[in-house]
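Let's get to know a protein model together, one question at a time. Please take a look before we start.

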Amino acid sequence: GGKAGFAFATGMAAEATAIHLLKAGDHIISGDDVYGGTYRLFQDVMCDFGLEFTFLRMDNCQKIEEAIKPNTRMLWLETPSNPLLNIVDLEMAVDIAKKNNLMTVIDNTFSTPYFLRPFEYGIDLIVHSTTKYLNGHCDVVGGAIVTSTDELSERVQFLLNAMGTCASPFDCWLVLRGIETLPVRMRQHETNAFAVANYLKQHPAVKRVYYPGLESHPGYEVAKRQMKGFGGMVSIELNGGSEAVHTCLRRIKVFAMAESLGGVASLAEHPATMSHASMPKEHREKAGISDQLIRLSVGLENSDDLIEDLRQALEPR
Ligand code: PLP
């Protein structure tokens, strides 16, 4: 539903380009449990170039409004968020943005355009890591920006050229091949994610399951309204200390322990030491990303095999 799409070398290259739409002195309000690399780009790189960031849980309209300053220019949204699968109500976020003349950017990597079409809610700019579901085969890194206006398209085109963040033709070809099967893959990712989430929610070793498709998830109603499906990512918090987490990650066989996500093969990772290791512990704790959290990217294998793998990994021995 956008005006134009641009391909980048990685998801981070797309994000770095998008954030260059701003200039020194501008303030950005971002979700607090965004991808760890996004946090690192903002906090450890762009702050040195004069951008200012406030990280917030994006579920509370009053808190967002209170964080707006005279120099606020952008709301950076991720829904479902990485790794806690929090849901941002896009109608609410866009309403605040429009009232305060802010640009809205959404990282739509987890939902994909198949499950969520952010322009229908008035979002200005969409970024993707195409490394994930859009390519879907764990064999390329790439990113994308989709724009809603000719003015933004022109500026992104300029930045892509000026910054040299573009994708290689071969990588684009791989991603285009992946997109051809996006709908069937997304439906199966979701079916498998439901099977895994429903199995884990009754498991005694599991303290909490984070999956927006479960009615117990705080964002369930919003997700149901705004998305066509709940996606393939499931996070779990285990009972016990770090030993429980490491034992589980050591024992998994069908799930591979790796940081990426969104491909045909199931992956498991430990945000505190992997995808979100660059977030300081205090920030992780404040955002609710505990050391007992494991993030699962549920792939397209037979769900019985995935459940059996988790059963044996979580079994007391
Ligand atoms: N956005 C999200 C939500 C991600 O999970 C990731 C990577 O994990 C990125 C962006 C960055 O993408 P890439 O690894 O393609 O640079």
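Predicted model: local features only at pLDDT ≥ 70, side-chain atom pairs only at ≥ 80, totals over all residues.

Biologist: In what order do the strands form the open sheet?
Modeller: Strands here are DSSP runs of E with at least two residues, helices are runs of H or I with at least four, and both are numbered from the N terminus. Two strands pair if DSSP finds at least two bridges between them. The pairing is mixed, and the 7 strands follow the order β1-β7-β6-β5-β4-β2-β3.

Biologist: Which are the edge strands?
Modeller: An edge strand here pairs on one side only. That leaves us with β1 and β3 (52–56).

Biologist: In which sense do β5 and β6 pair?
Modeller: Aspartate 107 stands opposite valine 127 in β6. Over 3 bridges, β5 (residues 103–107) and β6 pair in a sense that is parallel.

Biologist: How much space lies in the largest pocket?
Modeller: On a 1 Å grid over the protein atoms alone, a pocket is an open set of points where a 1.4 Å probe fits, with protein on both sides within 12 Å along at least five of seven lines; lining residues have an atom within 4 Å of a point. Points are joined across faces, edges and corners, and the volume is the space filled by probe spheres set on them. For the largest pocket, that gives about 480 Å³.

Biologist: Which residues are closest to the centre of that pocket?
Modeller: The lining has 29 residues, and β1 (4–8), β6 (125–129), β7 (143–147) and α7 (169–179) each give two or more of them. Closest to the centre are Pro113, His128, Leu134, Ala144 and Val146.

Key: Residues numbered from 1 in each chain as written. Heavy atoms only, no water.
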